[in-house]
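Good morning, and thank you for coming.

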Amino acid sequence: MNKTALLIILNICIFLSLNQSDASEKESCFSCHRQETPSIVSAWTSSAHAMAQVNCVECHGEEYNSDHSTQHERIVVEAHVCARCHDKAARGHFAGKHGISFRAGRACTRSQMKTEENAEGCKDCHEKGAIASRQEVECSRFLAQSPEMQRRGRLMCHMVENRCDACHSSHSTDLSIARNPDICGTCHMGPDHPQYEMWESSKHGILFKQKGLKYAPACTTCHMPEGTHNVSEGITMGLAGQAYPQDVREKERDKMLEVCSKCHSKTFAAQNLSDGDAIQQQSMALVKEADKIIRELDQEGLLLPSPSDRPAHPLSGHKLEIGPQMLYEDLSRVEALFFRMKKFFYVITYKGVFHQNPDYAHWYGNAPLKLALSEIRSEAALLKELKLLRDRINNLANMDLTGANDATGSETDLLTLDLRKLKEQFLKGELSKDEYESRREALFKKYGL
Amino acid sequence: MNKTALLIILNICIFLSLNQSDASEKESCFSCHRQETPSIVSAWTSSAHAMAQVNCVECHGEEYNSDHSTQHERIVVEAHVCARCHDKAARGHFAGKHGISFRAGRACTRSQMKTEENAEGCKDCHEKGAIASRQEVECSRFLAQSPEMQRRGRLMCHMVENRCDACHSSHSTDLSIARNPDICGTCHMGPDHPQYEMWESSKHGILFKQKGLKYAPACTTCHMPEGTHNVSEGITMGLAGQAYPQDVREKERDKMLEVCSKCHSKTFAAQNLSDGDAIQQQSMALVKEADKIIRELDQEGLLLPSPSDRPAHPLSGHKLEIGPQMLYEDLSRVEALFFRMKKFFYVITYKGVFHQNPDYAHWYGNAPLKLALSEIRSEAALLKELKLLRDRINNLANMDLTGANDATGSETDLLTLDLRKLKEQFLKGELSKDEYESRREALFKKYGL
Amino acid sequence: MNKTALLIILNICIFLSLNQSDASEKESCFSCHRQETPSIVSAWTSSAHAMAQVNCVECHGEEYNSDHSTQHERIVVEAHVCARCHDKAARGHFAGKHGISFRAGRACTRSQMKTEENAEGCKDCHEKGAIASRQEVECSRFLAQSPEMQRRGRLMCHMVENRCDACHSSHSTDLSIARNPDICGTCHMGPDHPQYEMWESSKHGILFKQKGLKYAPACTTCHMPEGTHNVSEGITMGLAGQAYPQDVREKERDKMLEVCSKCHSKTFAAQNLSDGDAIQQQSMALVKEADKIIRELDQEGLLLPSPSDRPAHPLSGHKLEIGPQMLYEDLSRVEALFFRMKKFFYVITYKGVFHQNPDYAHWYGNAPLKLALSEIRSEAALLKELKLLRDRINNLANMDLTGANDATGSETDLLTLDLRKLKEQFLKGELSKDEYESRREALFKKYGL
């Protein structure tokens, strides 16, 4: 706390010396904004920024002051504006998962600006960087959305990546807002990663709500110990549970055990966390089993509809895509089940363990994970049964034709070839969907099927 | 506030002059109820009603006082009892969506009383009113329920329509109860319209919980500005997002923008709300695609089971019903998926945008909406594949029989006719289910299938 | 309250006289633990235990003090340690559902210790006790889990059965923690029994949150009236709604009505509770219909995959298991739907009514319950359609072979027998899965299918 206080005073001093704005400048903003947006003016007026004479133009820029006609809607969109003063926090943020897109500047598909502006920035996140294929540097789920849904993602869901006011409010500097676990919950909630709900209904959460921070941990206690803005400290795995190297894992685990041991014995805490590791691995094995089933179905052409009969994936086209770039649209049923397994139930299972919530680990995670795998297996059996019936009908058709015509074997081969050609023509756009279907029907009739 | 205070004083004066009850009357109720229901007596005693000498009989009626043997359970069920004093609030309530059934008096299927009592009242809601067919004036989901489940709907879910104590408590007049967003949440929650959960986990909600109304909006801030009881002000669409005429939309949107602009710039707010409009339209388009797929499957007789093989819909009988009168029971799988799309995911997607909750818009809404559409398409492909197999088997059977018997073509036609006759007899109730099935089996055997 | 105070004083006296430990003993623990686990020491120091000189060794045992090398991780795992002083609470706990495993000592599959240690204890819960088959005394869902997931269940989910610190915190004696409904919510939440969420979003819950216990009931108000630790008082049914004998039901219902009538009229309360009874029965009927459909599908061999093609159930082997020992893994799709019906939606429907939450009763319970039943019926129709197609193909194949070979009828019988033999060999482990499948293919070819 003393360090923080010193830093604040230091920053105030720097500002007081550097600050080119004066009261008259501020007044020129206020003359309108006291009427237009009174709550913004009032939040700023009682902020630490106001006390330190960090006025409107310091953040919004000089030009904001001169031409109201076009600049009215410009907002402070990038963390580096704040970073000019809040260097330590910015460096912490930059180093952790929250800063992914901050590192990429304005280049990330899911961040504020277009890829073209600073493609170099991709290198930090995507292994081969900006020279890699679109498949590696763009985010297919964003590409598949309407502009309006993209805006929800960019301005709200992924806002934290390069905007400080995602957690801190925009004009107030009241730290109680940013430290309250509820603000973490505005993103870390919902079917894909309900860390807030897990914590809130765990013993940690309910004791915090009753007795406060002295009695039980909030989000920041474990994930931002001593005020670090690197939220990835103490985390032993990457996105979706991808393993870090052994030495990094051990180093990060030790950091987390240090936090746990303020209340629990280290042995107890270590057991709990290593149970989490094991359950993450066990759950991942179920996801991989489902992944294998679906790839086999695809290779046998059994998906209904098959990727070739569906709208093209923005990056993978008419090939099956169930990896990190998987969409949640234009799928077959087994894939729809798999999406839920991988993005929802798997994640909830192991994060439920790490957040000490047995109900999430078990009933929201493990049970639906295993139910979905059962359903995928059951659906795969159905698709194989359909294939068996098709094959047997084909065999019977061959035998019938054999009676009538000795060359039948080759005739059905000809049918297969003809169907394949038609499909190719359709996929290349040489035939419309209606033309394709009517010709297909005609072929079946021609071969007496 | 001053206006409200004046109105309250005025009402008190009216009551003090009109009031025929006296302390002895009240005492005759209290003599028992102090023992029987002490919490009711104590809530009333400290209420504004008690101060204004609005005693038991004013609301519960004179007869309540005279014959305890039969009247004990009578409760104040209709808003017009309150409306005798609270005229302005009642008129506001009457004009908005909350008052649908208040307008209909006691005639609505889902309100307190039976349709027969005041069928004229339907005219306010149902275009052709009480002279229309049952399908237009009754609510099939109510008709399909047991009396006990109907009671949940009438006395709890739709209570707000003509009972003031849905939001205000019954005997206390403490306005902090009715103004707290939690009371709105008792209805506006859950899979069909989780506005409470959306708001609660949005920035609006968490700032309200931390800092109160001065800092962030609660339900009433946006939907009951200046205390109006017309909760539909500022809403630009009807039930399930049905479009209002352009001029009404614009007028209502302006009202909402007025509210937003107390904290946000109008341009920012307008962009957010028009994104909501666009996303509502985009989501509706997905619902319509699914609707079309299902109607086509039904026309081809591919639904499994088909409407004719299922228990009759209370209004539409054995016809497909996936419009506003759709049930959530006795459906085929694609319809069950469609029900969730339309009643849950579509609604959550756009309401999530309007309530500034990207997680609801995206992960609780948009993702399951698109997953369900994928599954409907996949199931439709499966049902068509089954049809193809059936047709090919029929063709093969024809060919086989042709070999053995020249009249085969007409024989399978005869089978089709025989099956159709049987089904008709069964649907008319001339055959029991067992008889129908055994005769069907016999037919298949007769035709060697 | 006076009784409680007397009991506390009595217990303190007993301890002060019996207590063999002294300040030096306590100090020997504290010398390390002030450094190692400061929060534990501080919680105890301000507890009623500290005031009554109930020191570390009283609960953790003498040996804990002597040899730190091996005893460090021993914790107080059994309620009987607390029961030595808190006799009345322990007897209450023992008598109700919370005490199931407390009665069984350490013998329950899902409690702390292994079955072998005290198998006699099963007699309290399992009718035939420890001499019954494994199927009757073990819990298959535990047997199917990894050790790490079992630990979540034993140490967290079912901890309440024989550990007092499930509700009371470990070292503090602050009763406000155990009395707060949030602590009940750490278990009574989630898809299998969301009593906490139901209460929290009901009028009871929101009024409690706003106005406190004087105004509205919390969990303990209805389920632990006058401080009883028998949480089953006033409950008229066993696990999963199993009916108690009529006289027990009536006795328990009267207890609950006594509680309700502190705020509501008894007639009103009785109507609400009997609606709950009716809706439980109606919902159970839907579950039973689904149960019947699935058993019939199994008898006809139509489940996909069938139990014989799936990993063995830990108790029932390769037989269908959809009773109390049903797993949520290795199921076919209809069974996966059934699991959700029975364990989630059925329970939510009737518990939603009893907890006065129409949204849970209806949208979280009744609607998905009926949707799932629709889907089960639809899937059953699909599986029967597949069988019909298979049978028709078989018939056609027979007819084809008849043309070529007069002995066909017996030939397909031979195929059936051959397939049956193969399957038996595979299930007995005499053939690997690959061998089984390749021989099956060969058989089909041999018979021209």
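How many residues of chain A are in contact with how many residues of chain B? The count is 58 residues of chain A and 52 residues of chain B, where contact means heavy atoms within 4.5 Å.

A word on conventions. This is a predicted model, in which local features need pLDDT of at least 70 and side-chain atom pairs count only at pLDDT 80 or more, while totals for chains, interfaces and linings use all residues. Residues are numbered from 1 along each chain as its sequence is written, chains are lettered from A and ligands numbered from 1 in the order in which they are written, and side-chain values use heavy atoms, with hydrogens and water left out.

Let us turn to area. The size of an interface is often given as the accessible area lost when the parts come together. Here chains A and B bury about 4,800 Å² between them, with 60% of it on carbon and sulfur atoms; buried area is the accessible area (1.4 Å probe) that two parts lose on being put together, summed over both. On the side of chain A, the residues that lose the most area to chain B are A:Arg152, A:Tyr328 and A:Ile393, together 13% of what that side buries.

Next, the charged pairs. Between chain A and chain B there are eight salt bridges, each a side-chain nitrogen of Lys or Arg within 4 Å of a carboxyl oxygen of Asp or Glu. One such bridge joins the side chains of A:Arg333 and B:Glu375, at 3.3 Å from N to O.

Which helix supplies the largest share of the side of chain A that touches chain B? That is α22(A), with nine residues; helices are DSSP runs (H or I, at least four residues), numbered from the N terminus.

Finally, the symmetry. Chain A is superposed on chain B by a rotation of 120 degrees with 0.1 Å of shift along its axis, at an RMSD of 0.2 Å. The two copies are therefore related as by a three-fold rotation axis.

Why do the copies meet through different surfaces? Only 12% of the interface residues of chain A are also interface residues in chain B, so the surfaces differ.

Terms used. Helices (H or I, at least four residues) and strands (E, at least two) are DSSP runs, numbered from the N terminus. Copies are superposed by least squares on the C-alpha atoms of residues with pLDDT of at least 70 in both.
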